[in-house]
Amino acid sequence: MTSETNNFARVLNSGRLVVTAECLPPRGADAVFVKDFSKKLPANLDAVVVADNPDAVRSSSFSTASLLKRQGRRNVIMAMTTRDRNRIALMSDALGAAALDIPAILCVAGNHQSISICPQAAAANDLDPVQLIHALKDMILHGAGLGGDKLTKKPGFLVGAVAQPYLRPMELNLLYIRKKISAGADFLLTQAVFDFEGFELWMEALRESGLDKRAAVIPCVMPIADLEKARELKRTGIYGPIPDAVLARIDGAADAAAEGVAIASEMAAKLKSMPEVRGIHILSGDVPEIVAAVIEQAGIGAGNPVRVP
Amino acid sequence: MIVASPKSITELKDIISAHRKVLFVGCGTCVSVCLAGGEREVGITSYAVRMARKLDRNPIEISQITIERQCDNEFLKELAEPVSKVEAVVSFACGAGVQAIAERFPEKPVYAGLNTQFLGVLEEQAVWNEKCLGCGDCVLAHFGGICPVTRCAKRLLNGPCGGSTEDHCEVNPDRPCAWQLIYKRLKAIGQLDRLEEIVMPKDWSTAWYGGARKVVRKEHQV
């Protein structure tokens, strides 16, 4: 796959709203889990994004991506944390991923290992995500490997970065986004959005600085499974402020999980209406079935409006 | 300075359980200042160990001495005589001091009485904070004098992680986010443009990753 034959790049640049979903790899040596997971996801997703040990030690994002491709999934995006691999492993896995026709690599720092994963572990943190983005772009554009070695073949994947809409001060937020884009990020996947007003403020700031034109912004929605999860998100603040109305709705619902899907779907519909939004990413957790439900309720299936990038 | 903290009496007692005549050696430099291994702490610790061993019906004889600097050969000379009279030595210095004594007295068991923590600063009474990792290639000039290599839990060199808040670090709420501090500081000194530059991957070969390091200053050699 080269940059020209990259199907995800073509979809992203077509101007159509892209719809992607997360795959959390299994917690065991379980190829059947991945097969079932894939079957339960809608067939026409624009891409599946495989997470890289986000919350626990799970099967590798590399092998899960490969298994998903075997299931006939065309666009499988691989997340890579700078926490778990040093620059040697990052570059090596990126080349391997390119050989497997992975159309994009999402560069993330990863949750800190002391938060729920493995407090005793030493982290690599050899490169940071900006440096990884830059190094991957160097491979793609110049065929340059680590230390300037010439690659025998250039990879053709896109490079994705994570954006936190709720990071404040806004000036610092924009400085960091600009840096990720300057380093070579083609698209920005945001943290899950629950506070729409906060997201609008951020988008306005991106628009004013022209950053929304320099990388495709793909906000993320996440159905909350139950009140306990809602409270945890509010307490930790990892996805920014969780409005009290969200907690009240989950608390008052006869079926909390269904209400979580409804809240995420309403958010997806609102986000879709923003002209700068180039796609919607759905965090499915361990429940792939909710992806189809969100797509249907939010009306973000086939026939999405074409937008000019 | 080098900041250290005392090992528990239980652990210390366990380490020297086989010995009946031991020398406790304090260090008069960093660990005295950080109230971990100076003359006063060595006195209190040896008293506690003596008491504990007595209660165990396994009495121990502990002698004490505190020297100026255990990491300096010049000061180790005065240990020759007291060391010759004991079965083992417990050094209340940083890890460098412990190893210096062990090298000086190859025939004697030498144990560490402290846990060496970090290079840090006393910021309020009895509170020390880590500031420097000793990476061998100081980058403080780029970051307004605040070290992200040491003070960002994810060692990010280009900006804050998604868990950063204006009040604290996501990993430990007792700690400020280094990137918020860097941002504020660069803004205050009119150098915010530094945050526009992509900081390239650090060369870690100057840090510990190349193995234990050595500094040779030829101009000072005789």
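## Exercises on a predicted model

The accessible surface of chain A comes to about 12,300 Å², and 54% of that area belongs to carbon and sulfur atoms; the areas come from the Shrake-Rupley method with a 1.4 Å probe, and for residues only the protein chains shown count as cover. This is a predicted model, in which local features need pLDDT of at least 70, side-chain atom pairs count only at pLDDT 80 or more, and totals for chains, interfaces and linings use all residues. Residues are numbered from 1 along each chain as its sequence is written, chains are lettered from A in the order in which they are written, and side-chain values use heavy atoms, without hydrogens and water.

**Exercise 1.** Find how many helices and strands chain A has, and compare its radius of gyration with the globule rule.

*Solution.* Start with the DSSP runs (helices: H or I, at least four residues; strands: E, at least two; numbered from the N terminus). Chain A holds eleven helices and eight strands. Next, the radius of gyration is 18 Å, close to the 19 Å from the globule rule for 309 residues, so chain A is as compact as a globular protein of that length. The radius is taken over C-alpha atoms, and the rule is 2.2 Å times the number of residues to the power 0.38.

**Exercise 2.** Work out where strand E1 of chain A sits: which strands pair with E1(A), and what stands opposite A:Ala21?

*Solution.* First, burial (under 20% relative accessible area is buried, over 50% exposed, partly exposed in between; 1.4 Å probe, protein chains only). Six of the six residues of E1(A), 18–23, are buried, so this strand is largely enclosed by the rest of the structure. Then come the partners, where pairing needs at least two DSSP bridges. E1(A) pairs in the parallel sense over four bridges with E8(A), residues 279–282, and also in the parallel sense over four bridges with E2(A), residues 47–50. Finally, A:Ala21 stands opposite A:Ile282 in E8(A) and opposite A:Val48 in E2(A).
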